[in-house]
Amino acid sequence: MTLHKNGDMVAGCLPAEQLAANFADVAAPLSAQAAVVEAHRCYYCYDAPCVNACPTSIDIPGFIRKIGNDNLMGAARDILSANPLGGMCARVCPTEILCEGACVLNHQDRMPVAIGALQRHATDHQMAHEVVSGKPLFARAADTGRHVAVVGAGPAGLACAHTLALSGHRVTIFDAHDKPGGLNEYGIAAYKTVDDFAQREVQWLLSIGGIELRVRHQLGRDVALTQLREQFDAVFLGIGLGGINALQADGETFAGVLNAVDFIAQLRQSNDLSTLPVGHQVVVIGGGNTAIDAAVQSVKLGAQQVTMVYRRSVAQMSATWAERDFARKQGVVLREWARPLRIVGMPHAGSGDAHASAVQFETTRLDAEGRLEGTGETFCITADVVLKAIGQTLVADGLDAQLLTLDGARIAVDADGATSLPGVWAGGDCTNHQALDLTVQAVQDGKLAAQAIIRQLARTVAQAV
């Protein structure tokens, strides 16, 4: 085993065999027999709470009943007709606060039905079946002659494109990255989506036909919104949140201080995990799922100590209780009620450049009115790597100011995803959709916007006749 140093970060901390085991599928798929047994635990509720808890309103009792009857194609149809990214959502959805959290078995002191695992079982089976048989689950309608531009190949854009293509409209997707998928490809922990699943799902989705993908096309740099509005019948914006919130702390520019999303993206695109450098003592600042993913993957790469620090209580973290418990079991230390004051640096041997060596925190509390305040008490945590995970922001390059909310933080949309510009819709994390920023919510946003676009294009045809 060879160690490769990058400042105080070291690659090759663990042998290849250990790294492979650490980054193996965190949730092994169900066997056919186990899936049937699990399906029979379902009560197949009428007006099922699990369906109401699912942002895409999948007919969960229906697809589970079909799995129990060995009708996996029918189950996949139920899932994918409501959520074309149902395979990825089965892997990354926080089911503990959505469908499984709403399962009636929770009220009987029993484990909820493993809805996510069953959904994965059905969708994985269908994708594998189509590879062998060449027979698609869905057939595209006759071409309508209409053409829609979709900006962003993340969950919202892909769901929008698939829904439009099914209806016979042609779609061109523009994406700034080298690969489609958005956060599914670049922003989710590697152990949640193994075997290049994000790309396999995209290829399945594109196989419906009628969708052209143009990568390395960034809004505001390679393509203009005015140009798209002139050349296409409608435009959908699913550009996500490409900016990173700053810590506003001294030392933020020191070597060893990284954005957690960049760390995760680098890991996801690596073909050899043994070449990825990791700190010995890592501090992750933040309390969301990105912070959890960065912290856990640091442990799995071989970091000796990983501490995740949040300014409020652990219970107030946006990461779910299941994610927090998982992080603890992996060896991540969670520290609450502390905010960073500064990053301490020291000259690095050989270069003289400052490198992170510790983070100074101030303890926090709530004042009489419930507002967060510092106590004046401070402490330091030794760190040779600091990962920032305190939220992402909209990069408004190429967007008209009238599209944005008053504070400029998001694209303003109505319930159908329509913006203030005629013929332009938007969805996903980039919008003020008043919902949690989740993959499954982005899918629903894209789907609803596509349905609104379909209705609008149908009206223009009717008016022309």
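Mentor: We can start with the overall picture, then go to a helix and a surface patch.

Trainee: How many helices and strands does the protein have?
Mentor: Keep in mind that this is a predicted model. The protein has 16 helices and 18 strands. Its radius of gyration is 23 Å, close to the 23 Å from the globule rule for 465 residues, so the protein is as compact as a globular protein of that length.

Trainee: And what does the C-alpha trace span along its principal axes?
Mentor: About 75 × 55 × 55 Å. Of the 465 residues, 52% are buried.

Trainee: OK, on to α2. Which of its residues are buried?
Mentor: Helix α2 covers residues 32-39, and Ala35, Glu38 and Ala39 are the buried ones.

Trainee: Why are those on the same side of α2?
Mentor: Because they cover an arc of only 100 degrees around the axis. In general, an α-helix has 3.6 residues a turn, so residues three or four places apart point the same way.

Trainee: What covers them, and what sits on the face turned away?
Mentor: The cover includes α4 (60-68) and α8 (115-133). Gln33 and Val37 are exposed on the face turned away from the buried side of α2.

Trainee: Switching to the surface: which residues form the nonpolar patch with about 320 Å² of accessible area?
Mentor: That patch is Ile97, Trp321 and Leu436 together.

Trainee: Where does Ile97 lie?
Mentor: In the loop between α6 (86-92) and α7 (99-102).

Note on methods
Residues numbered from 1 in each chain as written. Predicted model: local features only at pLDDT ≥ 70, side-chain atom pairs only at ≥ 80, totals over all residues. Heavy atoms only, no water. Buried < 20%, exposed > 50% of the residue type's maximum accessible area, 1.4 Å probe, protein only. Helix = DSSP H or I, 4+ residues; strand = E, 2+ residues; numbered from the N terminus. Arc of directions from axis to C-beta. Contact = heavy atoms within 4.5 Å. Patch = residues over 30% accessible without salt bridge, like charges linked within 9 Å, V, L, I, M, F, W, Y side chains within 5 Å. Areas by Shrake-Rupley, 256 points an atom, 1.4 Å probe, with all protein chains shown as cover. Salt bridge = Lys/Arg side-chain N within 4 Å of Asp/Glu carboxyl O. Rg over C-alpha atoms; globule rule 2.2 N^0.38 Å.
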